[in-house]
Amino acid sequence: MALIVQKFGGTSVGTVERIAQVAEKVKKFREKGDDIVVVVSAMSGETNRLIELARQISDDQPIARELDVMVSTGEQVTIALLAMALIKRGVPAVSYTGSQVRILTDSAHTKARILSIDDTNIRADLKAGRVVVVAGFQGVDEQGNITTLGRGGSDTTGVALAAALKADECQIYTDVDGVYTTDPRVVPKAQRLEKITFEEMLEMASLGSKVLQIRSVEFAGKYNVPLRVLHSFQEGPGTLITLDEEESMEQPIISGIAFNRDEAKLTIRGVPDLPGVAFKILGPISSANIEVDMIVQNVAHDNTTDFTFTVHRNDYQSAQQVLEATARELGAREVVGDVNIAKVSIVGVGMRSHAGVASRMFEALAKENINIQMISTSEIKVSVVIEEKYLELAVRALHTAFELDAPARQGD
């Protein structure tokens, strides 16, 4: 008998009919004898609807504490409906809000972090044969205030509960049947991965893969919680995300290719090449709460430097304004920018034991006449910035070059 935590997102519980389907799925697991804890999000669209109501009454600046009180009701509806659906099917069930479980968080409203979980009531219910249905995305602080966990909060709740309960597996149900080598909409020959490491998944998530939120993967890796990504309404093994790095002759060098269209590039040219210049450029950017991704610095013969960095495209105009002020202060020659770029990354723990991975990547892009503007590397990834119009061509070329394409079926 296993203890399994299952998390269902907003689209999986988007209608009463879908909640009934989830109840049927949970019932099948319960009939196998497994102990089940289910974490659910609000019904799809509900959180956005509630936030919009708050904005209408608060002139776009709702008080964070009260916003948490309101948006947390979305999950409260779902847990009650799912518990009812399970009981109707003869499965004993009980629902809990985050505060009823006592998922203790800090007091950072709308983006709280989990500090501890009291698993006493959940364990008692499981022992009594009940399925426990818990509201994702929410908790309570030391003062008893309702808090919410921010983007991807329900995934984080699921993983945190699995860690606290020492569950055998945390299953994340979504609208895809696993983690793929890249987006199948871009590369039809993309393959579902049977297994991927936390480290690889973390890189994939941070580099643009939208299957799992970064915080939940970090949490799972920290507490070694086996994660499995599954389709909500299709049968299949999904993808297991685990700590293990199996040594195998068949293990691919590259596990996947991630990409991100939401990039923009800024360059400040002709900056005096003096100690501390990088801080003088990036300090004001950081103070404006703008995250910088890739950085390249080139020193010219005339003792000036060109400094280039990338930001999220939404932050481009703000970053440009800050950089132009810095350029005037430093006596730089000019500031130039480009929003028509994209980042493509290859990811794989196999890179640690294989030389020449980066050159193989560059060769594949060169064959397609794709120019590389910036390069960033780590132990298990290589990222490049290219013109956005070449993004899909680059992803397909790399997918083939690293032998990730699914084998052709007979008759194709």
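Biologist: Which side chain makes a polar contact with the side chain of Ser345?

Modeller: A polar contact is a pair of N or O atoms within 3.5 Å; within protein, one must be able to donate a hydrogen and the other to accept it, and residues adjacent in sequence count only if both atoms are side-chain atoms. Here the partner of Ser345 is the side chain of Ser383, at 2.6 Å. This is a predicted model, in which local features need pLDDT of at least 70, side-chain atom pairs count only at pLDDT 80 or more, and totals for chains, interfaces and linings use all residues. Residues are numbered from 1 along each chain as its sequence is written, and side-chain values use heavy atoms, with hydrogens and water left out.

Biologist: Where does Ser345 lie, and is Ser345 buried or exposed?

Modeller: Strands (E, at least two residues) and helices (H or I, at least four) are DSSP runs, numbered from the N terminus. Ser345 belongs to strand 16, residues 334-347. Buried means under 20% relative accessible area, exposed over 50%, and partly exposed in between (1.4 Å probe, protein chains only). Ser345 has a relative accessible area of 0%, so Ser345 is buried. Contact means heavy atoms within 4.5 Å. Not counting residues up to four places away in sequence, Ser345 touches Leu207, Gly256, Ile257, Ala258, Val382 and Ser383.

Biologist: At which residues does UniProt place the feature "binding site" that includes Thr47?

Modeller: UniProt positions are given in the numbering used here, feature names are shortened, and annotations may be inferred rather than shown by experiment. The unreviewed UniProt entry lists Thr47 and Glu75 for this feature. They are spread over 29 residues of sequence but cluster in space, with a largest C-alpha distance of 8.8 Å. Thr47 is in helix 2, residues 46-58, and Glu75 is in helix 4, residues 73-88. Leaving aside neighbours within four places in sequence, Thr47 is in contact with Ala42, Val71 and Glu75. Glu75 counts as buried, because its relative accessibility is 2%.

Biologist: What does Thr78 touch?

Modeller: Not counting residues up to four places away in sequence, Thr78 touches Val13, Ile19, Val40, Ser41, Ala42 and Met43. Thr78 is also placed in helix 4. A polar atom of the Thr78 side chain lies 3.1 Å from the backbone oxygen of Gly74. At 0% relative accessibility, Thr78 counts as buried. Thr78 and Gly14 are 64 residues apart in sequence, and their C-alpha atoms are 9.1 Å apart in space.

Biologist: UniProt also lists Lys7 and Asp175 under "binding site". Why do the residues of that list not all gather at one spot?

Modeller: The list, from an unreviewed entry, has Lys7, Phe8, Gly9, Gly10, Thr174, Asp175, Tyr180, Arg185, Lys210 and Val211. They span 205 residues in sequence and the farthest two C-alpha atoms are 24.9 Å apart, so they do not all gather at one spot. Among them, Lys210 is part of the lining of the second largest pocket. Asp175 lies in the loop between strand 9 (169-174) and strand 10 (195-197), and Arg185 is placed in the loop between strand 9 and strand 10. Asp175 is exposed, with a relative accessible area of 53%. Arg185 is exposed at 75%. The side chain of Asp175 makes a polar contact with the side chain of Thr174, at 3.2 Å.

Biologist: How many residues line the second largest pocket?

Modeller: Rolling a probe the size of a water molecule over the atoms shows where empty space is left. On a 1 Å grid over the protein atoms alone, a pocket is an open set of points where a 1.4 Å probe fits, with protein on both sides within 12 Å along at least five of seven lines; lining residues have an atom within 4 Å of a point. The second largest pocket is lined by 29 residues, and Ala205, Ser206, Ile214, Glu291 and His312 lie nearest its centre. Elements that give two or more residues to this lining include helix 8 (198-206), helix 9 (214-223) and strand 15 (304-312).
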